Amino acid sequence: CTMSMPAWEIALNTYWVKYASKISARDKMYRFAQYFSRMVYFQMEQSGAPKESVAWVKHISKTASTGRKFIRLGKFIDIWYKAYKHLAKHSVSLTSEKDLINCLGIMALIADMIFYVWDFLRWFEEAKIFQFNMNVKYKRTLWNAIRYGIKAVRYTLMLRTEKKDSKAFFSHRRLAIKSAIDFMNPMKGLKYNSLNDGQIGLLGVVTSCISMYDDFAK
């Protein structure tokens, strides 16, 4: 005699529910909402939609952005610990391609950590709790560009170390493409390209989908 699982237990054991229970997964979902709404409100503006409707969608995008920063408060501490463990495990040298990849991995973690420090301070400004006289927005954008640039190079190099048609090869290829596309966003903030909000929103939607797909494909 077999006992069937209750419907609520089956629902809680689905992959999507387990995935959504992770903070990093929810951040990716909120990121999708942020950039999708950014793409939508730009199209609404171009088509002459009512200002109230455009403002409402803009508010969704801004709220998602601020909410993501709140979720990430203190994340720089976790990344500092990862960087410390990485340094303890790998020697910092450039005698081989593998050493270069390890070095870029450490550099990416350090860039991530610095970005999340500025991200932490930026949340206080966006939440109107405190205003820092340190040009926080610019420095956050700059380190966002640096970290994605390093990751794009690192994942591209890692393709040379993996067997073609392996899961790791396809994952590194996806993440190399994602990092290269994500690099375009902060470059707009630094005024190195002239992409509009609709284009930035579309790129953000694409990279959010890549990121979530990569989680499922592993």
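Q: What share of the 218 residues in the protein do buried residues make up?

A: Buried means under 20% relative accessible area, exposed means over 50%, and partly exposed lies in between (1.4 Å probe, protein chains only). In this protein, buried residues make up 40% of the 218 residues. The model is predicted: local features need pLDDT of at least 70, side-chain atom pairs count only at pLDDT 80 or more, and totals for chains, interfaces and linings use all residues. Residues are numbered from 1 along each chain as its sequence is written, and side-chain values use heavy atoms, with hydrogens and water left out.

Q: How many helices and strands does the protein have?

A: Helices (H or I, at least four residues) and strands (E, at least two) are DSSP runs, numbered from the N terminus. Here there are ten helices and zero strands. The pattern along the sequence is α-α-α-α-α-α-α-α-α-α. The C-alpha trace spans about 65 × 60 × 35 Å along its principal axes.

Q: What part of the contacts with a separation of 6 or more comes from residues 24 or more positions apart?

A: A contact means heavy atoms within 4.5 Å. In this protein, residues 24 or more positions apart account for 66% of the contacts with a separation of 6 or more.

Q: How many salt bridges does a search of the whole structure find?

A: A salt bridge is a side-chain nitrogen of Lys or Arg within 4 Å of a carboxyl oxygen of Asp or Glu. The search finds 16 of them. One of these pairs Arg160 with Glu97, at 2.5 Å from N to O. Arg160 sits in the loop between helix H7 (136-158) and helix H8 (167-182), and Glu97 in helix H6 (residues 97-126), so the bridge ties together parts that are 63 residues apart in sequence. Arg160 is exposed at 63% relative accessibility, and Glu97 is partly exposed at 30%.

Q: Where do Asp112 and Lys151 lie, and are they buried or exposed?

A: The side chains of Asp112 and Lys151 meet in a salt bridge of 3.1 Å, N to O. Asp112 belongs to helix H6 and Lys151 to helix H7, so this pair ties together parts that are 39 residues apart in sequence. Asp112 is buried, with a relative accessible area of 8%. Lys151 is also buried, with a value of 17%.

Q: Which residues gather in a patch of positive charge on the surface?

A: Patches are made of residues with over 30% relative accessible area and no salt bridge; like charges are joined within 9 Å, and nonpolar side chains (Val, Leu, Ile, Met, Phe, Trp, Tyr) within 5 Å. Lys and Arg count as positive and Asp and Glu as negative, while His and the chain ends are not counted. The place of a charge is taken as NZ of Lys, CZ of Arg, CG of Asp or CD of Glu. Here the positive patch holds Lys75, Lys82, Lys85 and Lys89. Lys75 lies in helix H5 (residues 75-89) and is partly exposed, with a relative accessible area of 31%.

Q: Which residues make the nonpolar surface patch?

A: Accessible areas come from the Shrake-Rupley method with a 1.4 Å probe; for residues, only the protein chains shown count as cover. Trp80, Tyr81 and Tyr84 make a nonpolar patch of about 390 Å². Trp80 is found in helix H5 and is partly exposed, at 47% relative accessible area. The accessible surface of the protein comes to about 13500 Å², of which 63% belongs to carbon and sulfur atoms.

Q: Where does Asp165, with its positive phi, lie?

A: Asp165 has a phi of about 75° although it is not a glycine. Its place is in the loop between H7 and H8, and Asp165 is exposed, with a relative accessible area of 64%.
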